[in-house]
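Reader: I'm new to reading protein models, and I'd like to go through this one with you. Can we take it step by step?

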Amino acid sequence: MNNLLGLIIKEAMSVLVQPLPEVNPLQDSLRFARRVPPCAIVIFGASGDLSKRKLLPSLYRLFYERRISQNFAVIGSSRTPMSDDQFRERMKESVSKFLEDAPFDEDIWKSFAQCLFYVAGDLNDEASYEGLKKKLDEVEKSHQTAGNVLFYLSTQPSYYAEAIKKLGAHQLQKGNGWRRVIIEKPFGHDLNSARKLNDEIHQVLDESDVYRIDHYLGKETVQNILAFRFGNGIFEPLWNRRYVDNVQITAAESIGVEGRGGYYQEAGALRDMIQNHLSQVMATIAMEPPTVFDAANVRDERAKLLRAVRVVKPDDVAKYAVAGQYGPANVGGQDLPGFRQEKSVDPNAQTDTYAAVTFFIDNWRWADVPFYIRTGKRMPKRVTDIAIQFNAPPLGLFSQETKGGLREARPNLLVLRIQPEEGISLRFLSKSPGSGMRVRPVSMDFNYGSSFGERTPTAYETLLVDAMAGDPTLYTRQDMVDASWQIVQPILDVWGNTKFDFPNYAAGTWGPKASDEMLARQGHVWRVP
Amino acid sequence: MSSTIIFPAQPEQILKGLGKLWTSLGEEEKHQGRPTVLRACAMTLIVATDEADAGFAASQTISELMHEHPARGIVLAVSPDAENDLQARVLAQCWKPFGKAQQICCEQIEITAKPANWQNAAPMLAALTVADLPVIFWCRHQGAVKENACFTDKAAMEAIAKLSTKVIVDTSGMTSPEGVSFLTKWQAKGKLVADLEWTRLTPWREPLAHLFDDATRQNKFATFDTLEIEHTEDNPPIQALYLAGWLSAPCKAKVIFRKATGFGPGIQRVNFRSDEESIEFERTSAECVTLWSSAGRERKYTFGQPNVTALMTEELAVAGFDPAFHMALERARELLA
């Protein structure tokens with residue numbers, strides 16, 4: 001079974017990667033790696049966690065695999081005073097520690113380190129930008145970066161607008177080559193602040209130069225949803241309200257806030273996960289096929305889908321959304337603190353560490369099909385997946401075995417596993433061996449790692465290459481961000497004015513009872529991933 | 001993990017052997033109480049070889065290829081020293097990906113045949129290919145690809161190729177006319193063909209193509225009217241013909257081949273020019289090539305001959321029709337004529 005699904009996915013991928021007409025007559029997309037033009041990458045917030053854990057390890061890996069131009073440079077910038085060499089030494093420690101699924105090579109590092117530079121400075125300080133400009137001029141000459149610059153805002157979100165304004169004031173948004181800006185989430189704190197931020201950005205930059213990163217979209221398995229849906233002929237006919245009973249998207253984390261209590265207290269699960277990552281995943285699952293596989297068309301379809309999501313009325317929020325917060329528990333002999341006992345967290349915090357929402361998509365394909373999305377911290381395990389629950393056959397002819405001895409109401413389930421153990425499984429009924437016609441559910445499994453032996457690039461590797469190559473397909477556009485804020489804003493508003501009786505679920509469980517009740521009202525149950 | 005010799009090599013017995021293999025791997029799982037083995041397969045890869053090592057090198061390469069291209073690997077070693085007319089053994093190639101607890105395992109079947117009997121292997125192979133997945137035939141049997149191959153070798157090659165989606169050969173041991181004619185013949189039979197001599201060109205082609213990403217140069221591509229290729233052999237090797245074909249076909253440039261001395265065998269220097277610009281790509285040491293343009297700057301690239309595993313890894317990733325190779329082969333034929 002692994003074989004068959006493996007083939008389907010491979011074939012789908014080969015259809016989707018059919019190259020668009022090349023302008024370079026010598027291009028050979030079947031064999032040559034995607035080309036990335038020379039450029040300099042400026043990372044604001046270079047001493048932060050994201051740079052250390054994700055950005056630098058990804059850039060090193062791209063360098064190791066020769067997927068970036070020889071003519072490139074990274075300029076780190078943050079308030080901490082450091083020399084180039086000190087910055088290199090710090091990044092070496094981080095890269096060797098956080099490199100995923102790949103070895104660290106001392107010799108390659110030496111070459112890579114020659115491309116790393118550092119400029120100390122405060123984002124509010126005019127002099128920092130002059131220093132940066134000078135450094136960019138230097139590396140343009142020394143590393144022949146052709147004047148192309150990718151700015152990466154990996155700072156506190158409150159600095160985004162100011163940093164972009166100052167880039168404009170110092171004429172850093174234009175130069176000899178292209179200039180692009182990657183902006184990390186959260187993009188705004190709510191609908192109004194997101195719109196305000198957009199306006200401020202557009203005073204300096206064109207929308208085409210703005211790359212709002214949502215690293216979920218860079219995950220291979222999320223991209224594979226498109227291949228699976230639109231590269232195959234057998235699934236899409238079933239992909240609608242006639243055959244699909246409900247869709248469940250789960251993003252569970254087993255860890256708590258891990259030292260990010262201060263940030264998380266202000267954000268919460270709905271803002272941190274559902275407004276961005278999971279609404280984009282839902283859009284990918286439910287969008288219409290684009291007419292052409294390019295950035296504009298794919299993003300148009302995602303945006304269109306998000307605009308079709310029904311905006312819940314304030315009075316209905318309690319019916320369609322559930323907030324939760326974990327309390328202390330003993331898991332596997334270890335005492336785990338509740339959220340309110342975490343470091344830097346207000347002991348009376350009303351933050352949602354769990355959020356579950358029922359969305360309906362008001363279009364012809366999905367009318368009345370509930371899309372259940374849940375995310376939470378301190379859940380039993382780390383898992384992200386999407387389950388498409390198909391309708392039951394019209395008549396139940398066979399008795400079925402299940403763990404609880406109950407008949408499975410809807411035997412056909414397609415699960416797209418985003419992480420870990422990336423893959424796809426399809427559950428269907430099969431006859432149990434022996435006399436009599438007893439059936440039980442079995443699973444047909446495709447495992448990404450076994451059918452594609454090669455190493456899967458991390459989401460940040462994919463997205464950094466895309467930004468350097470000028471491909472925004474996997475980045476979110478202004479209208480997509482706007483639409484996804486619109487669907488969560490009423491919930492945020494109501495929750496903001498509600499005093500919850502938190503904690504309402506114990507660490508190590510699948511969330512509050514109210515969440516199960518939300519599904520029960522529709523005749524559904526959460527599956528256990 | 002190996003199993004006993006299966007003789008006579010009946011397909012049913014071989015498949016039974018594979019079944020047993022998986023059962024024994026499953027036993028291990030029972031003891032561990034969790035899934036420890038994952039079976040992987042994306043194609044059937046048949047390798048026929050007449051090398052003196054009785055298929056050892058081919059088996060070794062297959063086991064390396066499995067990591068990136070999981071397959072049911074079938075090594076058909078043709079040797080006069082074979083113990084029996086046709087015998088087989090089955091084994092699993094397993095490895096543990098970095099940081100994972102579960103092993104990934106692929107099936108491998110090793111068949112040895114006496115030269116007179118290897119054409120009888122084809123019906124057996126027909127039963128051993130994995131259903132619904134591509135069948136790739138990598139012919140390392142030098143006798144079978146020769147122009148003057150004996151009847152048995154030709155018949156065997158033909159029968160196995162018939163089962164296959166794609167045939168991969170290495171024409172490095174042939175003269176250019178032989179190689180081109182061999183591939184053309186198979187193409188005419190409607191087979192997808194690939195040549196590792198073409199795959200070896202990727203380190204030459206990629207930097208050259210990269211130059212034309214520059215929009216200004218791209219617009220002037222049609223003005224590049226002369227291509228000179230220097231090589232160490234008396235006559236242009238097939239690599240030189242492919243490279244000439246690929247570079248000159250889109251702009252119909254005039255092609256000049258020239259013998260020269262240099263670093264190692266094969267292509268030494270490529271000069272592609274128009275009235276306005278001259279591009280030189282030259283081996284400047286045993287490990288280095290230098291790309292230079294009269295309109296740009298000089299770049300150096302490390303140059304190492306990729307090993308056969310790397311070549312096959314690249315080639316297996318090109319599952320379907322390869323338009324660039326097709327164009328290069330067609331133009332190579334014209335250049336030879």
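This is a predicted model: local features need pLDDT of at least 70, side-chain atom pairs count only at pLDDT 80 or more; totals for chains, interfaces and linings use all residues.

Reader: Let's start with B:Lys220: is it buried, exposed or partly exposed?
Author: B:Lys220 has a relative accessible area of 33%. Buried means under 20% and exposed means over 50%. The value for B:Lys220 is 33%, so the residue counts as partly exposed.

Reader: B:Lys220 meets B:Glu276 in a salt bridge, so what is the N to O distance?
Author: A quick bit of background: side chains of opposite charge can pair when their charged atoms come close. The cut-off for a salt bridge is 4 Å. For the side chains of B:Glu276 and B:Lys220, the N to O distance is 3.0 Å.

Reader: How many residues apart in sequence are the parts that B:Glu276 and B:Lys220 tie together?
Author: B:Glu276 lies in the loop between β11 (267-273) and β12 (278-285) of chain B. B:Lys220 is in the loop between α9 (215-219) and β9 (226-231) of chain B. B:Glu276 counts as exposed, at 60% relative accessibility. The pair ties together parts whose separation in sequence is 56 residues.

Reader: Which residues of chain B are linked in a network of salt bridges?
Author: Chain B has a network to look at here, and its members are Glu and Arg residues. The linked residues are B:Glu228, B:Glu230, B:Arg258, B:Arg269, B:Arg273 and B:Glu280.

Reader: Over to chain A: how many residues apart in sequence are the parts tied together by A:Glu461 and A:Arg67?
Author: Their side chains meet in a salt bridge, 3.8 Å from N to O. A:Glu461 lies in helix α13 (residues 459-469) of chain A, while A:Arg67 is in the loop between α2 (49-64) and β2 (72-78) of chain A. So the pair ties together parts with a separation in sequence of 394 residues.

Reader: Which helix holds both A:Lys135 and A:Glu138?
Author: These two form a salt bridge, with the closest N and O atoms 4.0 Å apart. A:Lys135 is buried at 15% relative accessible area, and A:Glu138 is partly exposed at 39%. They sit three residues apart, about one turn of the helix, and that helix is α5 (residues 126-142) of chain A.

Reader: Which residues does A:Glu236 touch, not counting residues up to four places away in sequence?
Author: A:Glu236 has its place in the loop between α8 (220-230) and β7 (244-252) of chain A. At 15% relative accessibility, A:Glu236 counts as buried. Not counting residues up to four places away in sequence, the ones it touches are A:Arg229, A:Phe230 and A:Arg365.

Reader: Now the two chains together: how big is the area buried between chain B and chain A?
Author: On the contact side, 42 residues of chain B meet 27 residues of chain A. Carbon and sulfur atoms give 53% of the buried area. The area buried between the chains is about 2900 Å².

Reader: How many salt bridges does the rule find across the interface of chain B and chain A?
Author: One of them is formed by B:Asp322 and A:Arg31, whose closest N and O atoms are 2.6 Å apart. Across the interface, the rule's total for salt bridges is four.

Reader: Which element gives the largest share of the side of chain B that touches chain A?
Author: The elements giving two or more residues to that side include β1 (37-39), α8 (202-211) and α12 (323-336) of chain B. The largest share is six residues, and it comes from α8(B).

Notes: Residues are numbered from 1 along each chain as its sequence is written. Chains are lettered from A and ligands numbered from 1 in the order in which they are written. Side-chain values use heavy atoms; hydrogens and water are left out. Contact means heavy atoms within 4.5 Å. Buried area is the accessible area (1.4 Å probe) that two parts lose on being put together, summed over both. Helices (H or I, at least four residues) and strands (E, at least two) are DSSP runs, numbered from the N terminus. Buried means under 20% relative accessible area, exposed over 50%, partly exposed in between (1.4 Å probe, protein chains only).
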